[in-house]
Amino acid sequence: MNIKHISAVQILDSRGVPTLRVNIVSDSGKTATFSVPSGQSRGKDEAVEKRDGGETYGGMGVTNCIKVITEVLAHKFTGYPLAQQEDFDSLLIALDGTPNKQNLGSNTILGLSAAYLKLSAAEQNKPVWQYIAEVDGTSPEFPRLFATIFGGGKHAPGVSIEEFMAVPQTNQPLQAVAQIDEVYHTAQTIMQNLYGPSALLSSDDGGLAPVGANIEVMLEAMSQLATKQAQKFDVAIDAAANSFFADQTYQVEAQKLHASDLNKLYQDWHKKFGLYAIEDPFAESDLEGLEIIKGMPKDNKEFLIIADDYTVSNGKKIEELNKDKIFDAIVIKPSQIGSISETFAAIKAARSTSAKVIISQRLGETNDDLIVDLAYGIGAMGLKIGAPVRGERVAKYNRLLEIEAGLEDRQATNPAQATNVAAPTLSL
């Protein structure tokens, strides 16, 4: 089957910022849509979004992207065959002609690339996760959820650390989602008792942002909840250290710290609260911080070190930076690199360095749930989808539950013919 029609419309993301929704129709009449997310915390080598400039929407409009799609690209790809993802993406990248996608924009390219992926799956009457698994040669498995409980940094005012996350030790969606929901609302009650109505305030991805709370109060609350839950969860943080690094120092609450001092603070938090993982513990431009990471033991680290801003979902950067296996896990965000094929390449690069893969949301999200199918289809270790509130985040939680329920229904009806992809392992 081939592409018959391509269109695009400007919509708003979860922050009220314009973004693209791309729709592709096949000559069989099937259709697929993808809505492009956008980040706030960005690595310096991240692919470039295209924006309109000017006064409307503060210059953040995407009408020029729509014009390029409808007046130029739609004609070039009319009649193009489906199920040729790498070739389709390669043509888009070649038409852009820049190393950082600044001509067409990573948002334009990803909108088309992801909608094309979805339509290719639809034409084969397969769920997206199954199509991904078959194309990429991976084994589906449910990820562990990295769920935001408290927020700060660029996500909310108050504290420098960007995300305080609960990570259920089970990867069974029904159990994990129920646990996250309980932890979130219990934490909210605790903060209301301590800080009053401000505990109802939230970050851009739904994390609690009570006025007056500091980092250790948030970690103490999570640590206590982790020990009291019948089902255990781990505590992780996304430091997003780029956001509080300037003049070779880190501003953490009232302290100005060099990398070595910040590392001691992380060690102290680990001893007090039992941290499972820290994402982007140092700024990507801080060479001293990078040397500290390199000096950590390759095995038996006190906590996992996760890379995001360091690697920006770029396969070449991942291979180069993690050739000595200094990062235990790599965050993958399709919008950082700009196409589905390059996303697959980044996943393979991470795994070639023995790093675990964590698929992640962006701060400016949409109701699109593709990242859930991606995480499950490739068998990612983790999935970051924010707090269990706000429609754009809940859409991801619900998709995960739908996938699990669908598998159970098919297996109950006919286990031998449930799917031509092996059934997942539902426990770690």
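Predicted model: local features only at pLDDT ≥ 70, side-chain atom pairs only at ≥ 80, totals over all residues.
A salt bridge here is a side-chain nitrogen of Lys or Arg within 4 Å of a carboxyl oxygen of Asp or Glu. Aspartate 328 and lysine 301 meet through their side chains in a salt bridge, at 3.2 Å from N to O. Aspartate 328 sits in the loop between α9 and β12 (329-332), and lysine 301 in the loop between α8 (287-295) and β11 (304-307), so this pair ties together parts that are 27 residues apart in sequence. Aspartate 328 is buried, its relative accessible area being 15%, and lysine 301 counts as buried at 16%.

A search of the whole structure turns up 23 salt bridges. One of them joins aspartate 45 to lysine 317, with the closest N and O atoms 2.9 Å apart. Because aspartate 45 belongs to the loop between β3 and α1 while lysine 317 belongs to helix α9 (residues 315-321), the pair ties together parts that are 272 residues apart in sequence. Aspartate 45 is partly exposed, at 35% relative accessibility, and lysine 317 is also partly exposed, at 22%.

Next, look at glutamate 279 and lysine 384, whose side chains form a salt bridge of 2.8 Å, N to O. The glutamate is in strand β10 (residues 275-279) and the lysine in strand β14 (residues 382-384), so here the parts tied together are 105 residues apart in sequence. Both glutamate 279 and lysine 384 are buried. They also belong to a network of salt bridges that links them with Glu163 and Asp238.

Glutamate 404, in helix α13 (residues 391-413), makes an interesting contrast. This residue is buried yet has no salt bridge, and the nearest side chain of opposite charge, arginine 399, is 12 Å away. What lies 3.1 Å from a polar atom of the glutamate 404 side chain? It is the backbone nitrogen of leucine 174. Leaving aside residues up to four places away in sequence, glutamate 404 touches Phe142, Gln172, Pro173 and Leu174.

Finally, turn to the sheet. Its 3 strands form an open, antiparallel arrangement in the order β1-β2-β3. β1 (3-12) and β3 (31-35) are the edge strands, each pairing on one side only. On average, neighbouring strands are turned by 15° against each other, direction ignored. Between β1 and β2 (residues 18-26) there are 9 bridges, and isoleucine 11 stands opposite threonine 19 in β2. Helix α1 (residues 63-77) packs on this sheet, touching β1 and β2, and its direction makes about 175° with that of β1.

Note on methods. Residues numbered from 1 in each chain as written. Heavy atoms only, no water. Helix = DSSP H or I, 4+ residues; strand = E, 2+ residues; numbered from the N terminus. Buried < 20%, exposed > 50% of the residue type's maximum accessible area, 1.4 Å probe, protein only. Lys, Arg positive; Asp, Glu negative; His and termini not counted. Polar contact = N/O pair within 3.5 Å; in protein donor to acceptor, adjacent residues only side chain to side chain. Contact = heavy atoms within 4.5 Å. Pairing = 2+ DSSP bridges. Axes fitted to C-alpha atoms, helices over the stretch in contact; angles between N-to-C directions.
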